[in-house]
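Here is a walk through one protein model.

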Amino acid sequence: MLSTLDYPLLSGILLVCSLGLITLYSASGEDVDLLIKHVGRLVIAFMAMYIVSHIQVSTLSNMSLYLYLIGLVLLIAVLVFGSAGKGAQRWIDFGIFRFQPSEIMKIVVPMMVAWIMTHNSMMPRGAKIFLAVLSILVPCSLVILQPDLGTALLIAASGLVVVFLAGISWKTILALAAAGSLSAPLVWSMVLYDYQKQRILTMLDPWSDPLGAGYHAVQSMIAIGSGGIAGKGWLLGTQSRLEFIPERSTDFVFSVLGEEFGLGGFILLMLVYLLLVVRGFWIGISVEDTYSKLLAGGLSFTFFAYVFVNIGMVSGILPVVGVPLPFISYGGTSVVSLMIGFGILMSISQRMKPH
């Protein structure tokens with residue numbers, strides 16, 4: 001039974017995944033084993049999306065609080081006995097696979113915030129906003145301790161956009177913005193690690209240290225720029241084949257795509273991403289209940305933020321924060337969490353008003 005699947009979303013996802021497999025084969029140095037592993041993870045992710053698409057929205061709403069609490073427990077478990085790698089402790093190792101709870105929180109936090117803003121009708125609106133912001137800050141703080149600033153920012157964005165879509169006043173928005181601005185010096189001095197500060201400074205001038213702190217950004221920009229309009233051709237990217245691009249199968253896979261497929265490949269990818277984002281927001285507009293509207297908007301914005309942060313990072317306009325490119329980068333938990341998000345959108349799409 002495929003009746004629960006939203007075919008515009010499914011078509012866009014299949015297109016991006018296909019382009020991802022082509023790019024990843026080149027980025028990995030034609031590593032067939034890595035490609036097979038990635039295909040296996042995509043199969044698991046599609047199965048998760050299909051299962052979630054069959055869950056009623058009312059059930060998702062009722063599960064929001066419980067999923068959120070389970071997510072917090074998992075984040076605490078990561079800090080206590082999580083598996084470390086590349087200077088961070090972000091995973092729980094189950095032996096046959098590793099699981100990154102922070103990725104799932106990008107889905108769970110919007111669910112929780114949407115639940116807060118649409119339930120407890122007797123609660124004053126100001127109290128709801130306070131509780132919603134608190135429900136965002138707690139998991140973000142736990143993720144920052146791992147440390148994983150990029151994921152924490154995406155979790156914060158996924159929750160705050162739901163608060164915004166709930167229709168808060170501009171006075172409240174300005175107050176939150178002012179509070180964030182005033183806390184920036186405190187965050188810089190007491191929260192950020194030295195390497196995170198260095199990444200922000202490097203973003204401002206990557207050429208100040210092209211062989212050190214700015215190496216990732218500089219090599220990525222060289223690769224993207226050298227692709228020109230038509231690109232150098234599949235499997236013909238010199239920057240990637242000669243291993244100048246770091247993390248070219250994961251965070252910097254877009255650099256490989258830009259070098260080999262050029263501006264044309266970039267435009268094609270952006271059009272498909274745009275299709276997915278617009279369709280997600282259209283689903284939110286076309287349903288009647290508020291929880292579905294908020295959740296669809298939050299999930300669609302989260303996907304947009306994924307794309308924006310990764311491309312901004314590899315293009316040198318944002319700090320390097322380790323965010324994968326959706327359905328293109330090699331990964332496990334991130335792919336599954338994204339597919340679950342689209343499964344939820346497909347479930348919500350069943351409630352769309354006929355046009």
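**Aromatic pairs, surface and cysteines**

The count of aromatic pairs comes to eight. Keep in mind that this is a predicted model. One of the pairs joins Tyr25 and Trp234. Trp234 has 40% relative accessibility, so it counts as partly exposed.

Now move to Phe327 and Phe342, which also form a tilted pair. Here the centres are 6.0 Å apart, with 40 degrees between the planes. Phe327 lies in the loop between α12 (290-315) and α13 (333-349), and Phe342 lies in helix α13. The two are 15 residues apart. Are these two Phe residues, Phe327 and Phe342, buried or exposed? Both are buried. They also belong to an aromatic cluster, together with Tyr273 and Phe303.

Next, the surface. Ile229, Leu263, Ile267, Leu271, Leu274 and Val278 make a nonpolar surface patch of about 580 Å². Leu263 lies in helix α11 (residues 253-285). Its relative accessible area is 41%, so Leu263 is partly exposed.

Last, the cysteines. How many disulfides does a search of the whole structure find? The search finds zero. Cys17 counts as buried because its relative accessibility is 5%, under the 20% cut-off. Cys140, at 7%, counts as buried too.

Note on methods:
Residues are numbered from 1 along each chain as its sequence is written. This is a predicted model: local features need pLDDT of at least 70, side-chain atom pairs count only at pLDDT 80 or more; totals for chains, interfaces and linings use all residues. Side-chain values use heavy atoms; hydrogens and water are left out. A disulfide is a pair of cysteine sulfur atoms within 2.5 Å. Buried means under 20% relative accessible area, exposed over 50%, partly exposed in between (1.4 Å probe, protein chains only). Patches are made of residues with over 30% relative accessible area and no salt bridge: like charges are joined within 9 Å, nonpolar side chains (Val, Leu, Ile, Met, Phe, Trp, Tyr) within 5 Å. Accessible areas come from the Shrake-Rupley method with a 1.4 Å probe; for residues, only the protein chains shown count as cover. A salt bridge is a side-chain nitrogen of Lys or Arg within 4 Å of a carboxyl oxygen of Asp or Glu. Helices (H or I, at least four residues) and strands (E, at least two) are DSSP runs, numbered from the N terminus. Rings of Phe, Tyr and Trp (its six-membered ring) pair if their centres lie within 6.5 Å; planes under 30 degrees apart count as stacked, over 60 as edge-to-face and the rest as tilted.
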